[in-house]
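Here's a quick briefing to read with the model open beside you.

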Amino acid sequence: MTDRYDAIVVGAGHNGLVCAALLGKAGKRVLLLEANRQVGGAAVTRPFADGYSVSAAAHLLYQLQPDVQKDLKLNLKMAADNMSTIVLSADGQHVRYCGDQVSGVRQKDVAKFAEFHKRMARYSDLLRTAFNKPPPRLGTTNKKDLFSLARLGFDVRRLGKIEMREFLRLIGMNIYDELFERFDSPLLKGGLSLDAVLGTHLGPRSPNTIMTYLYRLAGNRGRIASPAGGMGSVSDALAQAARAAGVTIRTDMPVKRIVVENGRVTGVETEGGEKFFSLTIVSNADPRRTIMKLVGARHLETRFIQRINNIRMRGNAAKLHLALDGLPTIDGLARKDFGERLLIAADENYVERAFNPAKYGESSPSPVLELTFPSFRDESLAPSGKHVMSAIVQYAPYNLKGGWNEAARERFKQAAIKAISQYAPDIEQRIVASELLTPADIEREFHMTGGHWHHGELTLDQFLFVRPVAGAAQYQMPLDGLYLCGAGTHPGGGVSGAAGRNAARVILSGGNRA
Amino acid sequence: MSISEVPQGRLRTPFYSRLQKLDTLNTWHEWKGYSSADALYCAETEYFAIRNATGVFDLTPMTKYRITGPDALDYLDRLVTRDMRKIKPGRVAYAVWCNDQGQVIDDGTIFHLREGEYRLCSQERHFAWLTAAAIGFDVSIVVETAEIAALAVQGPTSFSVLSRMGLEGLGDLKPFGLMHFEFEGAELLVSRTGYTGDLGYEVWIAAEKAEALWDALFDAGKLHGIRPIGTSALDLARIEAGYLAAFEDFLPADTTVRTGRSRSPFELGLDWLVDFKKPNFNGRRALAEEKRNGSTWRLVKLDIEGNKPAHHSYIYAKEKRNRKEIGFITSAAWSPVCKQNIALGTVRMPHGKPGDTVWVEIFYQREMHWTRVMAKAVVVDKPFWFPPRRSLTPPAPY
């Protein structure tokens with residue numbers, strides 16, 4: 001039968017593309033179905049105003065894993081690499097950091113920052129080694145699992161007594177306390193706080209924010225790049241690799257359900273009513289959407305469903321895109337600095353205060369922002385001489401009280417523009433067109449439950465062996481033939497491709513049932 | 001509801017005013033918050049009412065859930081191990097439900113009241129589990145334990161009693177069937193179900209009509225030997241029928257702490273309730289694995305020599321040398337109607353095949369001094385008490 005495949009991958013996000021490409025390279029007959037017109041999921045470049053394009057969700061590259069690049073022989077062109085972070089100051093005395101270097105702060109903070117970065121980088125390396133392989137399962141007698149668990153313990157122990165103690169002390173802690181003890185500069189503390197909470201439903205005083213900070217560093221020691229042509233070019237390169245590996249990619253094909261017969265998956269049915277058959281279905285959709293919507297609670301066990309249903313995934317970050325007729329003026333900022341990553345986070349309390357309303361379902365009146373001007377280094381994104389600003393704005397809770405109606409969106413957009421105008425007073429005059437994507441929009445456009453781009457909060461209770469949930473680590477669901485390969489699985493979100501690669505390895509080894 | 005409005009202490013069922021008048025022993029125990037009588041005047045006489053006339057047991061404390069909504073059938077079919085699609089409106093299903101590991105949480109009966117409308121009844125309470133199991137289903141689960149009063153009307157003359165009450169057409173009701181009647185403007189539900197292994201019915205009505213129903217029932221039963229009964233008599237009858245009791249013959253899986261103390265349906269002799277041909281049900285994966293690898297335990301019905309009930313006894317494979325303890329008794333009784341020393345027990349596989357001989361170590365006291373006998377016991381397949389009248393339709397008019 002023509003419609004029978006060795007594997008069907010649902011969703012062509014970057015992880016779906018990586019997984020499909022690796023399965024294809026191994027000689028499998030693979031079909032990749034994407035709901036949207038474009039592949040890439042949340043890593044896409046698309047127009048948002050006449051002549052202006054932007055990376056619609058993710059806009060910086062932290063951690064595309066070298067293993068993925070090597071396996072798929074990718075050759076990505078970067079518009080910018082090793083970008084600096086500049087925390088804006090209203091008086092023009094900006095703080096800037098990159099790697100272990102920081103400037104715009106007192107000498108004491110410079111030394112402490114180097115020490116802080118060294119330690120954090122060391123811990124994040126530890127996480128990184130765990131990223132590129134399936135996480136061990138607990139409570140099994142499987143030798144591979146026991147070995148990799150022992151390895152994990154050994155790696156922690158190898159830090160040495162003092163560092164191990166420090167690692168265990170910090171891993172569950174909030175970043176606020178650690179920064180408070182270490183640094184004087186409010187801007188530095190604000191910037192690092194924002195680094196820790198970006199894309200999460202956490203404030204710097206929330207436990208676990210050291211862990212999210214380490215996660216940000218883990219990909220490539222926090223090195224930030226911006227691909228030429230926007231994030232979509234990464235996805236296009238992955239799609240090219242997948243096609244070269246023989247994968248059939250079909251876009252505009254939203255999957256309605258994953259078909260289950262006699263306790264195993266047998267295929268998928270699209271919204272259009274088309275059916276495709278395969279005994280291996282790999283979902284790049286988030287765990288909640290995959291299990292609750294595409295498979296159905298009917299086909300899985302009660303406690304498993306309960307755990308899936310309880311995955312914390314309330315998106316809290318919005319995306320603001322501005323089409324500008326020229327670069328804004330920012331006091332104390334050199335023209336070349338528009339190619340860097342700019343943060344609006346006056347101090348650590350400012351970040352925490354921005355988070356406060358989100359706890360009660362309200363958006364921040366004074367939000368924190370991560371700004372980039374991708375057109376500065378990549379002219380393909382805007383008409384000549386014009387510019388694009390792409391910003392992550394927090395906090396915009398998914399479950400906004402009263403819902404994300406037009407008035408609520410306008411209010412939040414104005415709050416964001418007002419926050420920017422404190423540093424760039426002429427920003428408003430420069431706006432030609434604008435677009436705000438709230439978590440509700442992100443959910444709609446990218447099919448992510450809760451608009452959470454990590455497919456589930458990256459916290460200790462949803463990490464490693466318990467990501468997405470206990471009893472379902474290692475990409476294999478308790479339903480024969482069903483796998484996950486997205487950010488909802490180990491290691492998590494960010495355009496890394498690690499989850500897709502790990503999933504492909506598990507599938508190719510025939511699954512790992514204990 | 002403020003704290004002062006929450007009923008304090010033990011609850012009384014809507015039949016309490018009637019039971020109280022007939023009660024001479026004043027021995028009550030607690031059953032899920034309600035007072036329930038051990039016996040009202042004499043457990044033995046009450047037992048014989050079940051076997052020779054009609055015994056009436058107040059089963060209002062039985063936990064009742066009304067389950068409705070577009071996904072009610074799918075929900076129940078996922079919940080229990082048997083195929084609920086086969087249970088048509090007007091039928092009742094005995095069923096067990098398991099946790100994710102295929103271990104029995106409880107057994108109970110599911111009434112398909114009307115198309116898409118169900119009632120689930122069980123001895124224990126399960127709202128938390130039922131609610132968790134409802135995630136992803138469009139169903140409503142309402143606890144109606146207090147709102148619905150219920151009586152078990154059990155024994156050979158029960159059909160005659162209910163007929164005399166004016167329930168026309170009851171004769172057509174087959175075992176595990178249910179019918180709706182009108183009683184004083186309220187809906188009276190009658191099901192041919194019970195816990196005695198005999199001809200018998202259970203009647204269900206809104207709590208406000210409970211006393212009127214009781215009066216009408218006892219009025220109609222006067223010439224048919226109707227008697228109220230307590231839990232002791234019922235417990236003896238259920239052992240004769242080979243029925244399981246939670247916390248006696250198995251522990252609900254959610255109450256066990258140690259691994260290996262819960263039981264799968266296979267280990268309780270309920271293989272016939274597990275249907276691998278139907279779509280997924282909770283515990284299916286685990287049970288399929290157990291089916292492949294074999295179970296640890298087996299529930300046995302034992303016919304034991306002698307007349308000393310084998311309460312709490314160990315079961316051995318051999319009488320003397322190399323005695324190996326293979327299990328234990330969970331329910332035991334001298335059966336007056338069978339004239340047999342009977343018991344339910346649990347043994348380790350592969351012991352306890354029907355027809356096997358095992359040995360039961362019975363301790364009993366004689367004038368303070370303990371005596372021990374090793375009694376020979378045979379594993380039997382069928383219930384000890386299974387009279388033809390139990391399933392005869394229409395029932396004979398005793």
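In this predicted model, A:Ala318 sits opposite A:Val393 in E19(A). Helices (H or I, at least four residues) and strands (E, at least two) are DSSP runs, numbered from the N terminus.

A word on bookkeeping: residues are numbered from 1 along each chain as its sequence is written, while chains are lettered from A and ligands numbered from 1 in the order in which they are written. Since the model is predicted, local features need pLDDT of at least 70 and side-chain atom pairs count only at pLDDT 80 or more, but totals for chains, interfaces and linings use all residues.

**Strand E19 of chain A**
- On its other pairing, E19(A) runs antiparallel to strand E18 (residues 368-372) of chain A over five bridges, with A:Leu371 facing A:Ala391.

- E19(A) is part of an open sheet of eight strands with mixed pairing, in the order E9-E8-E7-E17-E18-E19-E16-E20 (chain A).
- Strand E9 (101-103) and strand E20 (431-437) of chain A are the edges; each has a single partner strand, so one side of each has no neighbour in the sheet.
- Neighbouring strands here are turned by 20° against each other on average, direction ignored; axes are lines fitted to C-alpha atoms, for helices over the stretch in contact, and angles run from 0 to 180 degrees between N-to-C directions.
- Strand E7 (residues 85-87) and strand E8 (residues 95-98) of chain A pair antiparallel through three bridges, and A:Ile86 stands opposite A:Arg96.
- Helix H13 (residues 406-421) of chain A packs on this sheet, touching E16, strand E17 (341-344), E18, E19 and E20 of chain A, and its direction makes about 120° with that of E20(A).

**Helix H16 of chain A**
- Nine of the 11 residues in H16(A) (498-508) are buried, among them A:Arg501, A:Asn502 and A:Val506.
- Those buried residues pack against strand E2 (7-10), helix H1 (14-25), helix H2 (66-71), helix H3 (107-131), strand E15 (281-283) and strand E21 (482-484) of chain A.
- Just past H16(A), A:Gly510 has a positive phi of about 80°.

**Chain A overall**
- There are 16 helices and 21 strands in chain A, and its C-alpha trace spans about 65 × 60 × 45 Å along the principal axes.
- For 514 residues a compact globule would have a radius of gyration near 24 Å, and the 22 Å of chain A agrees; the radius is taken over C-alpha atoms, and the globule rule is 2.2 Å times the number of residues to the power 0.38.
- Buried residues account for 56% of the 514 in chain A.
- Of the contacts in chain A between residues at least 6 apart in sequence, 73% join residues at least 24 apart; a contact requires C-beta atoms, placed from the backbone, to lie within 7 Å.

**Domains of chain A**
- Chain A splits into domain 1 (4-45 + 231-312 + 449-508) and domain 2 (97-218), with bounds from an automatic or database domain assignment.
- The domain centres, taken over C-alpha atoms, are 28 Å apart.
- 17 residues of domain 1 touch 17 residues of domain 2 in chain A.

**Chain B and its interface**
- 13 residues of chain B are in contact with 14 residues of chain A.
- Helix H3 (72-79), helix H4 (127-133) and helix H8 (284-293) of chain B each give two or more residues to that side.
- In chain B, six strands close into an antiparallel barrel in the order E14-E17-E16-E15-E18-E19.

Technical notes
A residue is buried if 20 or more other C-beta atoms lie within 10 Å of its own, exposed if 12 or fewer, and partly exposed in between; C-beta atoms are placed from the backbone. Two residues are in contact if their C-beta atoms, placed from the backbone, lie within 7 Å. Two strands pair if DSSP finds at least two bridges between them.
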